[in-house]
Amino acid sequence: MVFKDELRQFVTDNFMFGKPCEGFADDDSFIERGIIDSTAVMELIAFLEARYRIKLQDQELIPDNFDSINKLARFVANRLEPNHTAELDAGRVLLGPTSFQLAGTDGPDT
Amino acid sequence: MCGIAGKFNFDGAPVAPESLRGMIRMLAHRGPDDTGFHAEHGVGLAHARLSIIDLAGGQQPMGNEDSSLWIIFNGEIFNYVELREELLRKGHRFSTRADTEVILHLYEEKGEDCVRYLNGQWAFAIWDDQRRRLFLSRDRLGVRPLFYTQVNKAFIFGSEIKAIFAHPGVTREIDVHGLDEVFTYWCTIPPTTLFRNIHELPPGHSITVDAGGIVVRPYWDNQFERESGVVAPSREQGYAEELLQLLIDATQIRLRSDVPVGAYLSGGLDSTVTTALVKKYTNARLRTFSVAFDDAEFDESAFQADAVRFLDTEHQEIRCSKNQIGEVFPDVIWHTEKPVLRTAPAPMYLLSRLVQKCGYKVVVTGEGADEVLGGYDIFKETKIRRFWQSQPDSRMRPTLLRRLYPYLQNVQNQPDAYRKAFFHINVDRNLQPFFSHLPRWQLTAKLRMFFSDTVNAEIGADDGFSKVRSRLPQSYSSWDSFRQAQYLETKFLLPGYILSSQGDRVAMAHSVEGRFPFLDHRVVEFASRLPVSLKMKVLNEKYLLKRCAAGLIPPSVLKRHKQPYRAPEACSFLESSAREYMEELLSPEQLQRDGIFDHRAVGLLQAKFRKGTAIGIKDNMGLVGIVSTQLLVHQFINRFESRMTPDGV
């Protein structure tokens, strides 16, 4: 699946800054390996919605859907129309913009 | 308030006056009113003075009657009036009205134990000529700074590291362990600093230096008593009255000054209380100062206005934009002398500039109340996590996590499952002592991914927070996690960031002295004996202080939701002049030359900010930390000589 490579690249670039954890595998839990913190998941959601033009429902925002490369890939595959997936695999279409905008720079403070 | 610097030659060789002059010039901002020197028998003392008490007679270095003792002193001893009377009764004769002379006579009377009698904020050095011994001390909570090094058979010290670097022969290298500490705990853990072989004297410690060597000793630490259970409502009033009396006295003695005293007014509970107390016990019209932000997310000016109206003060504010923060940030780092992960010191730097322009040298502030009386969100977070931990399968208990950080939209919006994962409760037995701080420290330590491979190799593997562990008192394990959290905040972050990077260093950059009634050691010790339920009643923070404050401050401030002091973060570097220096300092070539950060990782982080997709605390801390570290390297390692002008800075 093309988009699995794309998801791995996004996670590696944006959450690990090009330095994957040692032995990082597609089944590894983002939470357990400390790859995604409390707000980074929103960044991931924004990416999925913008890149694949899907709208995520609150009840879908659970680790079962997002907590590894493989889970993400499965979730995206299920949400995309079959023909879109096939076309994407074949590299024939580009879905949505590659850049997206989120506002705010927050974090707990003392 | 002043700057001090000095040198002791272990072999007794005379100290060259020009080396002292070079050092003290670097501290001109701390003491613009006068400079003084004293050298004899292998020791040299230098002083830059900010005149506050006994304007005519308080010059330093100051000797005793027979010149057997000499002192240089940065700070204030607020109980000097009472100590002076006691010493007079014991036959001591005084030639000035200054608090400095009181320390000298108290040293004659009590020796090195003199520090136990002082109520104040200090860093001083006393040369005891008869013993050929130098005695240095720093106040209990670390309000005033003191650094030292040993090089070429000499002990060299100063209020700021830049004074030590001005001494010939002192090398300037980054200590990657200090860097790692900032990128984990948000501050260094003394004696480590950001520079190799430069040490910070920990708060509550003294040093003696003589031909036999250097001995560092503690004389005070914050000690909590065991939890004494729930307090009956009938007894709460008694505690509240006792706290109020202590705060009144702590404030009154902090008004002792021969120059006018102003006050910072943030719009929060703490500074409104201290301002109200100052107002109540001073006859002069009170001047207050505050920071307002262009960005409504950070702005508290509506509450500041309420306080000004209620307390009838003469008020001035600076309006702070992200561009201003970016513009002054290099100067801020010149003063903090360590990286910061937050830009919050920058508005405080701008505020002290306003105070200086208004002709004020002294301000009373509310610093310390959150640590001492239980105000921080991390205490609330700890309570909620412990409550949840006691029934891990509960569905309802983790929903309380939503009560945390109501002012942070991103945290509020995150899915529950992820909120639960971040504020986790399954903590290894070995890490239980740090239960309260693990989410913060583990998140921050992720920033190590930006360090170069060389730096990460030198730092070594994660050591389970062993440095902090080694500083904990024996009784620590008997305290509940709320008190443990209080200890960690008061012991490390308070002196290492709040009172230094966001306190002394950015205030003294403009010759402004802060005074902190909540950090009077009597208030701190009283609070340490208080049951936790009086600090945070259920989830109501600073409960006892609020009881004291009723009627003293406007109801709107008393009842408001706590909003921690925050400022625009990494976005401050994305426009105007800041962008220019950031891109230069963070260019792949510069990063490779300096060798601290991995240029590819930093490049990807910058790309996220350029795209506008960096929203998390980690990304923001990362960029602010990297920019501030690079500014530190630029100013202290690569180009330090250019800052050694005849006028200091």
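Does Glu337(B) count as buried or exposed, and how many C-beta neighbours does Glu337(B) have inside 10 Å? With 24 C-beta neighbours inside 10 Å, Glu337(B) counts as buried, where a residue is buried if 20 or more other C-beta atoms lie within 10 Å of its own, exposed if 12 or fewer and partly exposed in between, the C-beta atoms being placed from the backbone. This is a predicted model, in which local features need pLDDT of at least 70 and side-chain atom pairs count only at pLDDT 80 or more, while totals for chains, interfaces and linings use all residues. Residues are numbered from 1 along each chain as its sequence is written, and chains are lettered from A and ligands numbered from 1 in the order in which they are written.

**Overall architecture of chain B**

- Chain B contains 28 helices and 17 strands, these being DSSP runs numbered from the N terminus, with helices (H or I) of at least four residues and strands (E) of at least two.
- Because its radius of gyration of 24 Å is close to the 26 Å that the globule rule gives for 649 residues, chain B is as compact as a globular protein of that length; the radius is taken over C-alpha atoms, and the rule is 2.2 Å times the number of residues to the power 0.38.
- Along the principal axes, the C-alpha atoms of chain B fill a box of roughly 75 × 65 × 50 Å, and 55% of the 649 residues count as buried.
- Among the contacts in chain B with a separation of 6 or more, 73% come from residues 24 or more positions apart, a contact meaning that the C-beta atoms of two residues, placed from the backbone, lie within 7 Å.

**Helix 10 with helix 19**

- The axes of helix 10 (residues 345–357) and helix 19 (residues 500–508) of chain B come within 9 Å and cross at roughly 25°, where axes are lines fitted to C-alpha atoms, for helices over the stretch in contact, and angles run from 0 to 180 degrees between N-to-C directions.
- That angle makes helix 10 of chain B roughly parallel to helix 19 of chain B, given that angles under 35 degrees count as roughly parallel, over 145 as roughly antiparallel, 65 to 115 as roughly perpendicular and the rest as oblique.
- The crossing of helix 10 and helix 19 of chain B is right-handed; a crossing is called right-handed if the near helix is turned clockwise from the far one by less than a right angle, and left-handed if anticlockwise.
- Helix 10 of chain B contributes Pro345(B), Met348(B), Tyr349(B) and Ser352(B) to the contact, and helix 19 of chain B contributes Ser501(B), Gln502(B), Val506(B) and Ala507(B).
- The residues of this contact between helix 10 and helix 19 of chain B comprise five nonpolar, three polar and no charged, with Ala, Val, Leu, Ile, Met, Phe, Trp, Tyr, Cys and Pro counted as nonpolar, Asp, Glu, Lys and Arg as charged, and the others, Gly among them, as polar.

**Helix 6 with helix 20**

- Helix 6 (residues 233–253) and helix 20 (residues 521–529) of chain B have axes that come within 9 Å and cross at roughly 165°, which makes helix 6 of chain B roughly antiparallel to helix 20 of chain B.
- The crossing of helix 6 and helix 20 of chain B is left-handed.
- Here Glu242(B), Leu243(B), Leu246(B), Leu247(B) and Ala250(B) of helix 6 meet Arg522(B), Val523(B) and Phe526(B) of helix 20 in chain B, a set that divides into six nonpolar, no polar and two charged residues.

**Backbone features in loops**

- A cis peptide bond with omega of about 0° joins Gln60(B) and Pro61(B), and Pro61(B) lies in the loop between strand 3 (43–49) and strand 4 (62–63) of chain B.
- Pro190(B) and Pro191(B) are likewise joined by a cis peptide bond, with omega of about 10°, and Pro191(B) is found in the loop between helix 5 (176–185) and strand 10 (199–200) of chain B.
- Asp312(B), a residue other than glycine, has a positive phi near 55° and sits in the loop between helix 8 (301–311) and strand 15 (314–320) of chain B, where Asp312(B) is exposed, with 10 other C-beta atoms within 10 Å.
- Glu337(B), also a residue other than glycine, has a positive phi near 60° and is found in the loop between helix 9 (322–336) and helix 10 of chain B.
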